[in-house]
Amino acid sequence: MQRLTNKRILLGVTGSIAAYKSAELIRRLRGAGAEVQVIMTHGAEAFITPLTLQALSGHPVHQNLLDTKAEAGMGHIELARWADVIMIAPASADFMARLAAGRADDLLTAVCLAGDIPLALAPAMNNRMWRDKATVDNAKKLTSRGILLFGPDSGEQACGETGPGRMREVDLLINDLADIFQVGSLTGKTVLITAGPTREPIDPVRFVSNHSSGKMGYAIASAAVEAGAKVILVSGPVALAAPDRVELVKVETAEQMLQAVQSRMPVDIFIATAAVADYRPVQVAKDKIKKQDEIMALALEKTPDILAETKARFPEVFSVGFAAETHDLEAHARGKLIKKGLEMVAANWVGEAAAASGGTFGSDTNALHLIWADGQIELPLASKARLARSLIEHIAHHYDDCQRKGFPKTNNVVNLKKPGKPVA
Ligand code: C5P
């Protein structure tokens with residue numbers, strides 16, 4: 001399996017004789033399934049040409065911070081947002097010093113400061129420079145900030161001396177990078193996520209719907225991509241852009257969502273975050289309904305329960321439901337786990353209880369109570385992006401558990417009510 005499939009690597013190349021090795025590194029990273037963009041410092045240009053790295057990476061090489069044309073295209077903030085990881089190979093002593101000092105006076109240091117993603121350095125320098133107290137202090141400073149140091153290795157150096165300071169071998173660097181993505185990894189898995197509300201038409205201009213913004217589902221889709229999964233996002237109408245590298249399937253009604261989901265089954269993991277309208281008009285008027293009496297009754301029928309029906313038809317699919325509750329959160333969530341035959345339920349407060357904790361429909365934060373057959377955990381209030389990453393880690397962990405031990409015995413789907421029962 002390609003260990004870096006889907007991963008976006010931003011490779012920084014600085015002024016060291018080892019810069020010639022970055023050509024091979026780019027070729028091997030792409031061979032491992034990664035997309036690679038390159039930033040070169042001016043020092044690096046003395047050792048290797050941008051044209052070489054452009055040809056190998058398949059992207060223009062980024063060189064300047066204060067270049068209006070480049071900033072209008074993919075500027076330093078966009079580059080930092082684009083990447084899953086930044087790796088500087090080779091990282092010179094001078095670059096380490098500038099990064100340790102928190103400088104942002106060239107494109108590469110600016111991107112490193114702007115990136116909220118893993119940052120790894122593969123130092124390469126003369127062994128005396130590596131052992132110098134200034135470099136030792138800088139290396140300590142960098143690792144204390146969570147920056148990873150890959151190498152350096154020891155051995156014969158370009159200057160003829162022997163000792164520590166050689167850039168780590170390309171094969172080992174690729175292993176080190178792949179290890180960053182291993183925790184909670186969904187590499188090679190297909191994950192289908194429903195998100196947003198559904199709209200159930202009353203007539204050509206009106207519908208029954210709800211306030212779901214889709215933000216949680218979209219954040220989970222991004223987190224699943226980050227974890228290496230192939231992601232299908234079946235979404236009701238929302239005002240959000242499709243996350244990168246996701247297959248987006250747009251639907252309007254619960255019935256369309258059910259068809260979109262089931263026609264793509266089986267997948268490895270199904271996460272139902274959609275706030276599906278519970279009821280729909282029994283009849284959809286062909287023409288716009290005219291205003292008449294003071295009171296108007298609308299006959300509604302239940303929509304299909306997409307999650308429960310799909311789990312009943314595809315029991316082998318690891319399925320995660322959401323439960324939005326105003327009271328007795330755990331009891332209701334556990335009820336849903338059993339009734340719908342799920343492996344996990346992510347429950348959250350809605351209404352006044354949610355407002356008190358800062359998470360409501362449309363907000364950028366949320367907290368979750370994650371429940372499974374023989375356990376539970378609180379995921380405290382956090383941005384939906386952070387919460388989604390944590391949720392995906394837990395899901396990946398329990399998915400692996402289930403694969404090893406088999407699915408827990410709670411998966412008995414009881415009494416699935418058929419849609420179509422009108423209510424007043
Ligand atoms: O039963 P309840 O609506 O509270 O269950 C919520 C969970 O079931 C959510 O995961 C939601 O996406 C899913 N659901 C569904 N189809 C429905 C109603 C809920 O998939 N018609």
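Which strands does helix 15 lie across? In this predicted model, helix 15 lies across strand 13, strand 16, strand 17, strand 18 and strand 19, and runs at about 160° to strand 19. Contact means heavy atoms within 4.5 Å. Axes are lines fitted to C-alpha atoms, for helices over the stretch in contact, with angles from 0 to 180 degrees between N-to-C directions. Helices (H or I, at least four residues) and strands (E, at least two) are DSSP runs, numbered from the N terminus.

Residues are numbered from 1 along each chain as its sequence is written. Local features need pLDDT of at least 70, side-chain atom pairs count only at pLDDT 80 or more, totals for chains, interfaces and linings use all residues, and side-chain values use heavy atoms, without hydrogens and water.

The open sheet has 8 strands in the order 12-11-8-13-16-17-18-19, with mixed pairing. Two strands pair if DSSP finds at least two bridges between them. Strand 12 and strand 19 each have a single partner strand, so one side of each is left without a neighbour in the sheet. On average, neighbouring strands are turned by 20° against each other, direction ignored. Strand 11 and strand 12 run parallel and are joined by 5 bridges; Ser 235 stands opposite Lys 250 in strand 12.

| Strand | Residues |
|---|---|
| Strand 13 | residues 269–272 |
| Strand 17 | residues 344–349 |
| Strand 18 | residues 365–372 |

Aromatic rings of Phe, Tyr and Trp (its six-membered ring) pair if their centres lie within 6.5 Å; planes under 30 degrees apart count as stacked, over 60 as edge-to-face and the rest as tilted. The count is 1 aromatic pair. The ring centres of Phe 318 and Tyr 399 are 5.8 Å apart and the planes stand at 75°, so the pair is edge-to-face. Phe 318 lies in strand 16 and Tyr 399 in helix 15, 81 residues apart. Both residues are buried (under 20% relative accessible area, with exposed over 50% and partly exposed in between; 1.4 Å probe, protein chains only).
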